[in-house]
Amino acid sequence: MSSTGFSNSALRGLHDGLQSIVDEIARAGDAPGTPRVELERPREEAHGDFATNAALMLAPVLRRNPREVAQEIADRVGALPGVDAVDVAGPGFINLRLDDSWFLETVDAALEAGADFGRGASNAATSEPILLEFVSANPTGPLVAASARHAAYGDALARVLRHAGHEVRTEFYVNDAGRQVDLFGESLLARATGGQVPEGGYEGEYVRDLAAELGVTAESDPVELGQLGVAAMIGGMREQLDRMHVHFDRFQSEKALHEAGAVVAGIEKLAAAGQTFDEDGATILRTTTWGDDRDRAVRRANGIPTYFAADIAYIDDKFARTGEAGRLIYVLGADHHGYIARLKGAAQALGHDADHLEIVIMQMVTLTEAGEQKKMSKRRGDFVTTQELLDRIGADAVRFWMLERSHDQQLEIDLDKASEQSDDNPVFYVQYAHARMCSIRRKVEDADLAGGDSAECSEALHDSEKRLVKRIAEFPLVVADAAERRAPHRLHHYSRDLASDVAKFYRDCRVMGDGIAPELTARRLHLVDATRSTLALALDLLGVGAPDRMERRDEA
RNA sequence: GCGCGCGUAGUUCAGGGGAUAGAACGUCGGCUUGCGGAGCCGAAGGUCGGAGGUUCGAUUCCUCCCGCGCGCACCA
């Protein structure tokens with residue numbers, strides 16, 4: 001039995017208890033197997049604190065009526081610790097109502113776990129060494145706004161995967177080799193000397209600015225300029241990534257792979273393994289063997305390795321560093337989906353397990369301004385940069401915004417709204433909830449009211465307290481889910497839901513002051529602390545700050 | 001043409017084999033004694049692109065169609 005992601009959570013005990021009951025009933029009924037049951041929050045709060053589909057899953061394997069099976073499970077679930085009431089509803093749902101002790105224990109558990117709450121929540125008992133590559137933007141221009149999405153996503157995914165128990169290293173692949181670099185150098189020269197930008201070259205305004213900065217003259221060597229230009233662009237990218245608090249463990253230079261002989265070695269390795277053939281003097285890799293549409297050139301007829309050959313060398317290098325048990329994750333743009341088959345093919349041709357090479361395709365970011373969609377062309381120099389986005393709305397808002405949607409969904413950003421409404425960005429709502437929790441603790445301490453004994457508190461929990469606790473209890477599940485599905489946006493939504501629960505708690509439950517007994521203050525302060533800690537964790541996994549206090553918003 | 005992704009509220013999108021499909025923004029109507037109102041409560045708004053199929057049950061899985069986006073180099 002693999003219990004999914006309940007670590008550090010009082011939900012785990014409940015789930016384990018439920019699962020053993022189901023297992024026993026399955027065994028007693030000579031069922032061919034036992035289903036893995038789920039515990040979830042019912043849509044309707046009136047249905048209970050948690051619900052399970054156990055009977056709906058178990059009934060088919062027992063070939064019995066779901067309601068009847070539900071009743072049998074329900075009769076036994078009632079005896080589990082923490083369960084206050086059980087009832088069967090609808091087609092066979094089992095709704096659970098938990099007692100106050102369960103809620104209080106859940107708060108304590110979250111508080112005790114602190115920054116480790118939900119850690120190791122992945123159900124993959126085997127923690128994998130993961131090498132996560134993202135952004136890898138072409139260094140022939142500044143970081144465009146779309147790359148900010150890759151940066152926010154990749155970095156958040158790394159954080160989530162680490163929290164879920166994996167060992168993650170992040171990499172940025174620098175395409176600092178090949179014709180595009182020479183073209184960049186030639187473009188710099190042309191822009192500086194009033195010449196014609198070459199076919200396929202770079203025309204953006206930034207090219208002119210950079211040429212001036214580099215002091216380009218008619219005598220400059222375009223090849224050298226290309227290298228200098230790339231170095232400058234990488235420097236600028238790192239600056240912006242830094243502002244976003246995105247740091248890579250490694251920047252892997254493509255040029256370095258060539259210079260180390262790894263690219264040629266890779267081609268020879270494939271040739272020796274009989275994976276290539278010759279065509280008009282070029283060397284072609286049989287990627288179709290592994291499901292690719294067509295075979296791919298790795299060395300041109302003129303003897304120069306292709307870009308793909310460097311990719312291959314890089315794959316081999318990555319596996320050498322992670323070991324064969326490692327997992328390579330690539331975050332690529334939607335315009336790269338054609339790479340999936342060839343990269344996996346290359347991995348297999350090299351003798352690696354293609355299942356350990358995983359590609360996440362990030363859909364496009366579309367930017368609109370004044371009701372018009374912005375064109376995003378790096379070659380023409382027509383684009384919005386990450387720098388501009390950061391200047392307009394700041395790192396926290398950019399990251400939170402970019403992580404609102406699933407990676408397989410296109411993301412639309414209205415630049416006018418993004419700047420005008422930066423104050424209304426949902427990130428502030430969440431940060432405010434965190435700051436408010438901090439503020440309450442400060443107030444209680446200032447008033448010297450923190451000395452009560454919560455164990456002495458006999459007041460029943462308010463629904464708004466329970467709601468908050470249930471949300472906290474779900475956190476480990478959300479982390480596990482986000483990690484397994486490579487979906488950090490789930491934490492974005494979680495943080496907003498938690499903040500919303502905070503607002504309701506704040507409305508309904510006073511922590512201190514008139515008529516609030518010291519024991520109740522203590523009990524609620526526990527919850528405030530656990531909430532603050534969980535909120536801070538969720539924000540941290542998104543790479544967003546959790547301030548102790550917010551700047552007071554000015555009256556308009 | 002082939003391939004990949006996506007069609008869910010006015011808009012931008014969550015969700016996902018099961019109980020009345022959710023949020024934000026926008027619209028409309030309410031809420032001042034108090035720990036910070038960047039808030040709270042309510043209303044209107046949906047044949048989950050269309051047609052079949054699998055299933056006790058499909059918005060979710062499968063097939064086809066339509067629409068949108070993106071790819072199909074001995075470029076990088």
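Trainee: In which crossing, left-handed or right-handed, does helix 17 pass helix 19?

Mentor: This is a predicted model. The axes of helix 17 (residues 463-484) and helix 19 (residues 518-542) come within 10 Å and cross at roughly 40°. The crossing of helix 17 past helix 19 is left-handed.

Trainee: Which residues of helix 19 meet helix 17?

Mentor: Start with the classes. The contact of helix 17 with helix 19 has six nonpolar, two polar and one charged residues. Helix 17 brings Glu465, Leu468, Val469, Ile472 and Phe475. Facing them in helix 19 are Leu527, Ala530, Thr531 and Thr534.

Trainee: How many helices and strands are there in chain A?

Mentor: Take the extent of the chain before the count. The C-alpha trace of chain A spans about 85 × 65 × 40 Å along its principal axes. Chain A holds 19 helices and 15 strands.

Trainee: What percentage of the residues in chain A are buried?

Mentor: Look at the contacts, then at burial. Among contacts in chain A with a separation of 6 or more, 74% join residues 24 or more positions apart. Chain A has 556 residues, and the buried share is 46%.

Trainee: Which element gives the largest share of the surface near RNA strand B?

Mentor: There are 71 residues around RNA strand B, and Gly178, Ala282, Tyr307, Gly338 and Gln409 come nearest. Elements giving two or more residues to that surface include helix 2 (54-62), strand 4 (93-98), helix 6 (179-193) and helix 18 (489-508). The largest share is nine residues, and it comes from helix 16.

Trainee: What is the bridge partner of Val86 in strand 4?

Mentor: Strand 3 and strand 4 run antiparallel, joined by six bridges. Follow the pairing from Val86 into strand 4. The partner there is Leu96.

Trainee: What is the bridge partner of Leu367 in strand 15?

Mentor: Strand 13 (residues 365-369) runs parallel to strand 15, and four bridges join them. Leu367 bridges into strand 15. The partner is Ile413.

Trainee: Is Gln373 buried or exposed?

Mentor: Gln373 is found in strand 14 (residues 372-373). Beyond its neighbours within four places in sequence, Gln373 is in contact with Thr366 and Thr368. Its C-alpha atom is 8.9 Å from that of Asp414, 41 residues apart along the chain. The count of other C-beta atoms within 10 Å is 10, so Gln373 is exposed.

Trainee: Why is strand 5 largely enclosed by the rest of the structure?

Mentor: Strand 5 pairs with strand 6 (residues 167-174) in the parallel sense over five bridges. In that pairing, Leu131 has Arg169 as its bridge partner in strand 6. Strand 5 (residues 129-133) is largely enclosed because four of its five residues are buried.

Trainee: How far apart in space are Tyr506 and Ser464, C-alpha to C-alpha?

Mentor: Tyr506 lies in helix 18. Tyr506 is partly exposed, with 17 other C-beta atoms within 10 Å. Along the sequence, Tyr506 and Ser464 are 42 residues apart. In space the C-alpha separation is 8.6 Å.

Trainee: What is the phi of Asp280?

Mentor: Asp280 sits in the loop between strand 8 (276-279) and strand 9 (282-285). Asp280 is exposed, with 7 other C-beta atoms within 10 Å. Asp280 is not a glycine, yet its phi is positive, at about 50°.

Trainee: Where does Asp448 lie?

Mentor: Asp448 is not a glycine, but has a positive phi of about 60°. Asp448 counts as exposed, with 7 C-beta neighbours inside 10 Å. Its place is the loop between helix 16 and helix 17.

How values were computed. Residues numbered from 1 in each chain as written. Chains lettered and ligands numbered in written order. Predicted model: local features only at pLDDT ≥ 70, side-chain atom pairs only at ≥ 80, totals over all residues. Near = placed C-beta within 6 Å. Axes fitted to C-alpha atoms, helices over the stretch in contact; angles between N-to-C directions. Left-handed = near helix turned anticlockwise from the far one by under 90°. Contact = placed C-beta atoms within 7 Å. Nonpolar A, V, L, I, M, F, W, Y, C, P; charged D, E, K, R; others polar. Pairing = 2+ DSSP bridges. Buried ≥ 20, exposed ≤ 12 C-beta atoms within 10 Å, placed from the backbone.
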